[in-house]
Amino acid sequence: MTVPPPTPASGSARTRPGTLGHQLRAAWAFVFRDYHLTRRYWSWVLVFTFYDMVSAASIMLIGVAAHNPRLTLTLLLGAVMWSFLGRLFGEIANSISYERWEGTIEYTFMAPVSRLTHLVGVSLFAGVYALLRGVLVFLFMGLFVDIGASLWQVVQCLAVFVVASLGFMGIGLMAAVLPVMSTENGAQATNIIQAVFLLISGVYYPVSVLPAWLQPVSALSPATYALNACRKVLGVNGAATVIERGVPLAGVLPELGILLLFGLVTIPLGLFVFGRAETWAKRTGKLKRAG
């Protein structure tokens with residue numbers, strides 16, 4: 001007896017491998033999986049989130065102790081932005097390490113989905129998770145001091161955060177190959193890279209205070225341009241000791257253009273690098289959980 005092929009009305013054709021519907025469902029599956037993985041370790045998530053909030057508030061209170069509203073807002077901005085971008089980078093860069101710890105790396109890499117779909121799902125979850133962490137940090141800091149920024153300024157900075165996240169996603173994809181290439185030292189290397197970005201981006205200070213030989217390196221970090229843009233929006237980008245009138249998003253179009261360019265360059269490059277690393281790992285047998 002011949003079984004007729006499924007019709008579009010049944011829904012099978014819309015989710016057939018290779019179709020857009022199938023890829024979207026697969027990407028959502030990775031988001032759903034990472035959500036449940038995070039929920040499984042909710043106590044650690046709570047601990048690290050609380051640590052981020054307290055650490056950020058402690059840094060901001062330096063400006064309060066100095067009776068300097070401009071410094072306070074500068075430190076607050078740096079803490080919130082790094083809470084978001086640092087967590088986004090870390091989640092993507094360490095995604096392979098999480099796969100190894102859970103013992104699912106072979107299943108993920110052999111699943112009948114494109115690597116683009118897999119990494120899009122991972123990046124989407126990382127972005128939402130990092131954004132929620134950043135919002136919690138921002139709200140917690142608001143319990144200690146008057147933020148001194150309007151709601152519209154906060155929304156504009158949030159738009160800058162979203163554009164800046166594209167570049168960090170691409171860089172995170174490139175860093176994610178390190179745990180593929182080295183089981184023992186890959187995760188440590190991603191943390192070193194994250195620390196370097198924290199240093200060169202001028203998160204809590206202007207880049208101009210860095211040594212002269214290190215200042216040009218700051219141009220390689222999307223966070224440098226994101227911070228400059230948000231400081232202009234909030235009116236804390238100049239040398240004055242008081243908060244000035246901020247500029248609208250139209251006034252930071254050069255920074256937004258550079259951030260968009262970072263995303264357009266680093267995301268395809270990250271996918272390419274990850275693909276080459278995956279091919280190498282499969283050929284050399286590096287996908288097993290240990291070794």
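Reader: How do α1 and α6 sit, oblique or parallel to each other?
Author: They are oblique to each other. This is a predicted model. The axes of α1 (residues 20-40) and α6 cross at roughly 45 degrees. Angles under 35 degrees would count as roughly parallel, and 65 to 115 as roughly perpendicular, so this pair is oblique.

Reader: And how close do those axes come?
Author: They come within 8 Å.

Reader: Left-handed or right-handed crossing?
Author: α1 passes α6 in a right-handed crossing.

Reader: Which residues meet there?
Author: On the α1 side, they include Phe30, Val31, Arg33, Asp34 and Tyr35. On the α6 side, Val120, Gly121, Val122 and Phe125 are among them. By class, the contact has 10 nonpolar, 5 polar and 2 charged residues.

Reader: Now α6 and α7. What's the angle there?
Author: Roughly 140 degrees, with the axes of α6 (residues 115-141) and α7 (residues 151-175) coming within 11 Å. Roughly antiparallel needs an angle over 145, so this pair also falls under oblique.

Reader: Which way does that one cross, left-handed or right-handed?
Author: The crossing of α6 and α7 is right-handed. Leu119, Ser123, Leu131 and Phe138 of α6 make the contact with Val154, Leu158, Met169 and Leu173 of α7.

Reader: How many charged residues in that contact?
Author: None; there are 7 nonpolar and 1 polar.

Reader: Switching to the core. How many residues are in the largest nonpolar one?
Author: The largest nonpolar core has 61 residues. Met141 and Phe168 touch the most other members. Helix α3 (residues 69-93) gives the largest share, 13 residues.

Reader: What does Met141 touch?
Author: Beyond its neighbours within four places in sequence, Met141 is in contact with Ala56, Ala57, Met60, Leu76, Ala79, Val80 and Ile147.

Reader: Loops next. Where is histidine 67?
Author: Histidine 67 is in the loop between α2 (42-65) and α3. Its phi is positive, about 55 degrees, although it is not a glycine.

Reader: Is histidine 67 buried or exposed?
Author: Exposed, because its relative accessible area is 71%, and the cut-off for exposed is over 50%.

Reader: What about serine 218, buried or exposed?
Author: Serine 218 counts as buried, at 6% relative accessibility. It is found in the loop between α9 (186-200) and α10 (222-234).

Reader: Which residues does serine 218 touch?
Author: Ile200, Val207 and Thr224, not counting residues up to four places away in sequence.

Methods: Residues numbered from 1 in each chain as written. Predicted model: local features only at pLDDT ≥ 70, side-chain atom pairs only at ≥ 80, totals over all residues. Heavy atoms only, no water. Core = buried A, V, L, I, M, F, W, Y, C linked by side-chain atoms within 4.5 Å. Buried < 20%, exposed > 50% of the residue type's maximum accessible area, 1.4 Å probe, protein only. Helix = DSSP H or I, 4+ residues; strand = E, 2+ residues; numbered from the N terminus. Contact = heavy atoms within 4.5 Å. Axes fitted to C-alpha atoms, helices over the stretch in contact; angles between N-to-C directions. Left-handed = near helix turned anticlockwise from the far one by under 90°. Nonpolar A, V, L, I, M, F, W, Y, C, P; charged D, E, K, R; others polar.
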